[in-house]
Amino acid sequence: MPEVGGGGGGECSDTNPLMMDEPDLSTFENKTGLAEDMKFLASMPELCDVTFLVGETREPVCAVKAVLAARSRVFHKMLYQAPSPQRKKEAPPKENKLRQFLKRSSEPLLNLQNTAAQPTGHQHATLIIEEFEPDVFRQLIEYIHTGCVTLQPRTLLGVMNAADYYGLDELRRACHGFVQCCINVDTVCALLASAERYIQYKCTKTLVQKVLEFVDEHGNEVLNLGSFTLLPQHVVRLILAREELRADEFTKFQAALMWSKKYCDSMNQNSNCHNTVSLNQTISSFLEYIHFHKIPANVLMKDIHPLGYVPYSIIMNALAYQTQQASTPPNSPPIE
């Protein structure tokens with residue numbers, strides 16, 4: 001069988017140059033067909049030999065153990081390497097001969113019974129995965145079986161951390177590269193919301209830092225997004241408190257009010273009427289991050305004060321600061 005892409009000897013000088021550009025018909029590849037077949041294999045529980053129950057809902061995700069073990073050392077250790085048995089307690093130094101004889105004669109039988117009790121590679125295994133969400137783990141299994149997966153902003157952080165956790169360096173690098181092009185106004189809140197689930201993993205810090213830098217540069221746009229109301233409360237506080245955030249103070253107030261209304265509506269719908277969540281109390285946790293003295297006086301009195309969500313003392317202090325700044329003449333330039 002001829003070699004693919006081989007070198008040449010002295011006889012190559014007589015070879016027709018036009019023949020060098022012809023494709024090598026001795027090798028046929030159909031990687032797309034193989035990927036589709038492997039994807040079909042992982043989707044058929046009767047063809048798989050391991051089922052993972054993933055997340056809080058214990059959603060089943062099927063796979064083939066041999067494929068997992070071949071692609072990931074972590075899965076190989078999890079599926080094929082039995083935990084080391086506990087060391088047996090040493091027998092007392094003095095033991096009668098009959099006891100020693102019975103112990104020696106029973107060892108082959110005990111070893112045979114232990115071997116029979118060990119699960120074989122052909123038995124179906126069921127494992128619980130609590131570290132990752134079902135959608136994330138399903139994408140990971142799809143990549144392991146097929147070599148390809150469609151990356152999505154909603155699950156990107158989970159897939160990146162799962163790839164790092166299971167030693168799939170190529171997938172982890174692909175996720176890291178995808179971060180560079182997927183952070184935009186439409187995806188930034190989804191990325192931040194997913195960070196809450198995987199905050200304990202090291203890959204999360206890198207992604208969150210890049211996302212926050214984008215938020216700083218596009219502050220007013222991000223704060224006006226409807227998806228901003230879906231962020232966890234401490235993430236909203238983190239954004240509003242950032243000194244690098246390029247957003248005007250009135251937009252920050254509107255974003256805090258929009259988030260608080262959404263939060264209160266959600267909480268009050270899911271609770272009984274006797275435990276309603278106060279909007280004033282909710283928004284109060286954000287007021288310290290808003291510089292009200294930077295908001296024009298007419299906006300303070302016309303658009304903010306009538307709402308009743310900002311204490312009167314804060315409004316008065318902001319107006320007093322503005323009055324003082326207006327009455328104080330600017331420093332004259334130094335005389336050279």
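Y165 lies in helix α6, which spans residues 153-165; helices are DSSP runs of H or I with at least four residues, numbered from the N terminus. In this predicted model, local features need pLDDT of at least 70 and side-chain atom pairs count only at pLDDT 80 or more, while totals for chains, interfaces and linings use all residues. Residues are numbered from 1 along each chain as its sequence is written, and side-chain values use heavy atoms, with hydrogens and water left out.

Y165 counts as partly exposed because its relative accessibility is 36%; buried means under 20% relative accessible area, exposed over 50%, and partly exposed in between (1.4 Å probe, protein chains only). Together with V74 and M78, Y165 makes a nonpolar surface patch of about 220 Å². Such patches take residues with over 30% relative accessible area and no salt bridge, nonpolar side chains being joined within 5 Å; a salt bridge is a side-chain nitrogen of Lys or Arg within 4 Å of a carboxyl oxygen of Asp or Glu.

D216 belongs to helix α9 (residues 202-217) and is buried, at 5% relative accessibility. Its side chain makes a polar contact (N or O atoms within 3.5 Å, one able to donate a hydrogen and the other to accept it) with the side chain of R242, at 2.7 Å. Leaving aside residues up to four places away in sequence, D216 touches R242, E244, L245 and R246, where contact means heavy atoms within 4.5 Å.

## Cysteines

The whole structure contains zero disulfides, defined as pairs of cysteine sulfur atoms within 2.5 Å. For C175, the nearest cysteine sulfur is that of C203, 8.7 Å away. C175 is buried at 0% relative accessibility, and C203 is buried at 11%.

Note on methods: Patch = residues over 30% accessible without salt bridge, like charges linked within 9 Å, V, L, I, M, F, W, Y side chains within 5 Å. Areas by Shrake-Rupley, 256 points an atom, 1.4 Å probe, with all protein chains shown as cover. Helix = DSSP H or I, 4+ residues; strand = E, 2+ residues; numbered from the N terminus.
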